[in-house]
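Welcome, and please take a look at the model below. The report that follows walks through a few of its parts.

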Amino acid sequence: MTSLFEPYDLAGLRLSNRILMAPMTRARAMNDTPDELTALYYSQRAGAGLIVSEGAPISIEGRGYLFNPGLYTPEQAKGWRTVTDAVHAAGGRIFAQLWHVGRVSHTSLQKDGAAPVSSTSARAENSNAFTYDADGNPANVPASMPRAIETAEVARVTQDFVRAARMAIDAGFDGVELHGANGYLFDQFINGAVNDRTDKYGGSIDNRLRFLLETMDAVSDAVGGNRVGVRISPFGRLYDMRPFDDEAETWLCLAEELNFRKPAYVHLSDQLTMGLPGIPDGFAASFCDGFRGTLIAAGGFDREKGEKAIAEGHLSLIAIGKDFISNPDLVERMKNGWPLAEPDRATFYGQWGEKGYTDYPSYKPGKDAHGY
């Protein structure tokens, strides 16, 4: 039986194991630029077969939250170079997740107070951006009313992704992941209940998939398809993503399109661990019928569940998020059956410095789960 701890060939990139550190927003970059703590945080977790970075906004327009390190300025690229150098020095591999939140933003985060862009002009109900409140304090505030992006503007956003991808590779990343999941911009185009367009980016399945696929093609042309992955969340409901009639057909059509393009991987995000409906049973098998490349999934995996998923043959790697926060040496803990430390949820996000970020120790046999 294939083990989680065996190496894996990811489109020519050798991974030391089949455990991926999932992208996790931490909101620690006070100037939206990676710093020494960012580099330490990721290098501590270089035991993962592959790290996918927290979402890096590709532009000011793409931001929806404060304190997230972006990939649209030379200063940010320089900061990310310290991160990739540190990860590689520790023997790890790292992809940059490229992010545009679309309508899950606020006018205060946009240039000149402009409305966020989306596939639609409908607000994301019960959805918050993270910005400064009326008193100047960081706070969750309701997402602003967006504007439906003009047809001719879509290519501009695609080029923002291309520029960010080139910047990422120049900064030393091993590849990039397009964030097409969890209710953000690509998802807003794919979802047939949200996307109310009548142009070539709306209506049919092919039209609703067009923006993501055009962007994948452009980014692949720029940096190489073997360096491009994509994250999607089929049947996801986060940020006012609603059910639509041809939902299963849409995702299976995307599987076939992705199989034709042969990306480095497809990364499925299951929102069950977020308290939302999960991916339906049997969907992974159906998706595999259309996409026969490297398939990764995130959603509550431990060693037992991960080994089972790999053995069943539907997944090539498993992605783990929260447990990497408090267990920088998570792979070694899983491999040796060592206890896991619980994370401090109060310090998941925001201005905490090293607390809850880089101060979790590696496990020392004979100590408790926290290594003390």
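## Helices on the sheet

Helix 5 lies across strand 10 and strand 11, and its direction makes about 155° with strand 11. Helices (H or I, at least four residues) and strands (E, at least two) are DSSP runs, numbered from the N terminus. Axes are lines fitted to C-alpha atoms, for helices over the stretch in contact, and angles run from 0 to 180 degrees between N-to-C directions. Contact means heavy atoms within 4.5 Å.

A word on the ground rules: this is a predicted model, where local features need pLDDT of at least 70 and side-chain atom pairs count only at pLDDT 80 or more, while totals for chains, interfaces and linings use all residues. Residues are numbered from 1 along each chain as its sequence is written, and side-chain values use heavy atoms, with hydrogens and water left out.

Eight strands close into a barrel with parallel pairing, in the order 3-4-5-10-11-12-13-14. From one strand to the next, the twist averages 25°. Helix 3 (residues 154-170) packs on the sheet, where it touches strand 5 and strand 10 (175-179), and its direction makes about 160° with that of strand 5. Two strands count as paired if DSSP finds at least two bridges between them.

Strand 4 (residues 50-57) is mostly covered, with eight of its eight residues buried; buried means under 20% relative accessible area, exposed over 50%, and partly exposed in between (1.4 Å probe, protein chains only). On one side, two bridges join strand 4 to strand 3 (residues 19-21), and the two run parallel. Here Met21 stands opposite Ile51 in strand 4. Strand 4 is also joined to strand 5 (residues 94-99), by five bridges and again in parallel. Gly55 stands opposite Gln97 in strand 5, and Pro57 stands opposite Trp99.

Strand 5 is largely enclosed by the rest of the structure, because six of its six residues are buried. In a regular strand the side chains alternate between the two faces of the sheet. In strand 5, Ile94, Ala96 and Leu98 point one way, while Phe95, Gln97 and Trp99 point the other way, and all are buried.

## Helix 5 against helix 6

Helix 5 (residues 205-223) packs against helix 6 (residues 247-261) at an angle of about 30°, with the axes 11 Å apart. That makes helix 5 roughly parallel to helix 6, as angles under 35 degrees count as roughly parallel, over 145 as roughly antiparallel, 65 to 115 as roughly perpendicular and the rest as oblique.

The contact brings Ile205, Asp206, Arg208, Leu209, Leu212, Leu213, Met216 and Asp217 of helix 5 to Glu249, Thr250, Cys253, Leu254, Glu257, Leu258 and Arg261 of helix 6. These residues divide into eight nonpolar, one polar and six charged. Ala, Val, Leu, Ile, Met, Phe, Trp, Tyr, Cys and Pro count as nonpolar, Asp, Glu, Lys and Arg as charged, and the others, Gly among them, as polar.

## Positive phi in a loop

Phe235 is found in the loop between strand 11 (228-232) and helix 6. Its phi is near 65°, a positive value in a residue other than glycine. Phe235 counts as buried, at 13% relative accessibility. Tyr239 has its place in the loop between strand 11 and helix 6, and has a positive phi of about 60° although it is not a glycine.
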